[in-house]
Amino acid sequence: MAYQNIEVRTEGGKVGIITLNRPKALNALNGALMDELGAALKAFDLDETIGCMIITGSEKAFAAGADISAMALMTFTDVYKEDFITRNWETIRSIRKPVIAAVSGFALGGGCELAMMCDFIIAAENAKFGQPEIKIGIIPGAGGTQRLPRAIGKAKAMDLVLTGRMMDAQEAERAGLVSRVVPLEKMMDEALGAALMICGYGQLSVMAAKESLNRAFESGLTDGVMFERRIFHALFASADQKEGMDAFLNKRPPQFTNR
Ligand code: CAA
């Protein structure tokens, strides 16, 4: 597929990197971009050689939100009929391998929501996060009112969503939205380092860890712990579990086969 709104490449033959590329609109997310993003993520997810993905943007903007010029004239009938947001965005939730967001500049509205749909966020010092939809007469529509309070708690989420203010990378790290903050020039190296580390592990246990962690947000503690236990037990049927433990006991590096 030829992409117009994103750039796609691999690093080390193992990490799939997707760069959002609508610089004139600060990477505002329109239907075409989201279709391409979904297609690229799916292709990497199905590619056995790829172990982890990174989504990033430009220095100035990860993404400044859903495309306001595309939404401005839409009616309730339009958005309801085409299931606006769900059609493209839910694809990201279905990706089974880890996806890291490497965020510099603005991650606002749908941009912040896209970053939150990734498995974790590595931010550059110039990153700015926010849900400013209130300023244009709407509310977050791609999970912002749900994922933000789960990530940073109700008080700060209410503050951000109701005032529309931005928070900088340091505040976002203190609040638990991002896992690491690094200088801008080190951001991609940091994300790549994390991705390559993940690629060194067995894909089965990596996917199982992601699936089980996501359950923490979708079930109660008893169900979540039971789900984790079943997956934990299931991994004892894998060659990677035998290999990983044997390698540890014999003081050698493991050779995972993703089986
Ligand atoms: N949609 C469409 N175009 C956008 C955009 C967006 N979300 N954000 C920025 N742009 C465009 C601007 O219109 C401008 O285009 P022109 O040069 O053609 O005028 C260009 O990108 C550069 O933007 P600015 O000149 O505004 O740049 P700035 O540095 O002065 O400000 C900014 C940067 C603070 C991010 C500002 O652009 C801004 O506030 N953008 C809108 C942020 C926003 O409201 N996002 C939420 C969108 S709604 C949403 O996302 C719903 C949802 O939950 C899914």
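## Ground rules

Buried here means under 20% relative accessible area and exposed means over 50%, with partly exposed in between (1.4 Å probe, protein chains only). This is a predicted model, where local features need pLDDT of at least 70 and side-chain atom pairs count only at pLDDT 80 or more, while totals for chains, interfaces and linings use all residues. Residues are numbered from 1 along each chain as its sequence is written, and side-chain values use heavy atoms, with hydrogens and water left out.

## Aspartate 67 in its loop

Let's start with aspartate 67, which sits in the loop between strand S4 (61-63) and helix H2 (68-71). Helices (H or I, at least four residues) and strands (E, at least two) are DSSP runs, numbered from the N terminus. With a relative accessibility of 7%, aspartate 67 counts as buried.

What does its side chain pair up with? The side chain of arginine 22, through a polar contact of 2.8 Å. That label goes to a pair of N or O atoms within 3.5 Å; within protein, one must be able to donate a hydrogen and the other to accept it, and residues adjacent in sequence count only if both atoms are side-chain atoms. Setting aside neighbours within four places in sequence, aspartate 67 is in contact (heavy atoms within 4.5 Å) with Arg22, Ala28, Leu29 and Asn30.

## Methionine 207 in H10

Helix H10 (residues 203-215) holds methionine 207, buried with a relative accessible area of 19%. Beyond its neighbours within four places in sequence, methionine 207 is in contact with Arg96 and Lys97. Asparagine 258 is 51 residues from methionine 207 in sequence, yet 10 Å away in space, C-alpha to C-alpha.

## Cysteines without partners

How many disulfides (pairs of cysteine sulfur atoms within 2.5 Å) turn up? The count comes to zero. Cysteine 118 is in none, its nearest cysteine sulfur being that of cysteine 52, 10 Å away. Cysteine 118 is buried at 6% relative accessibility.

Notes:
Disulfide = S-S within 2.5 Å.
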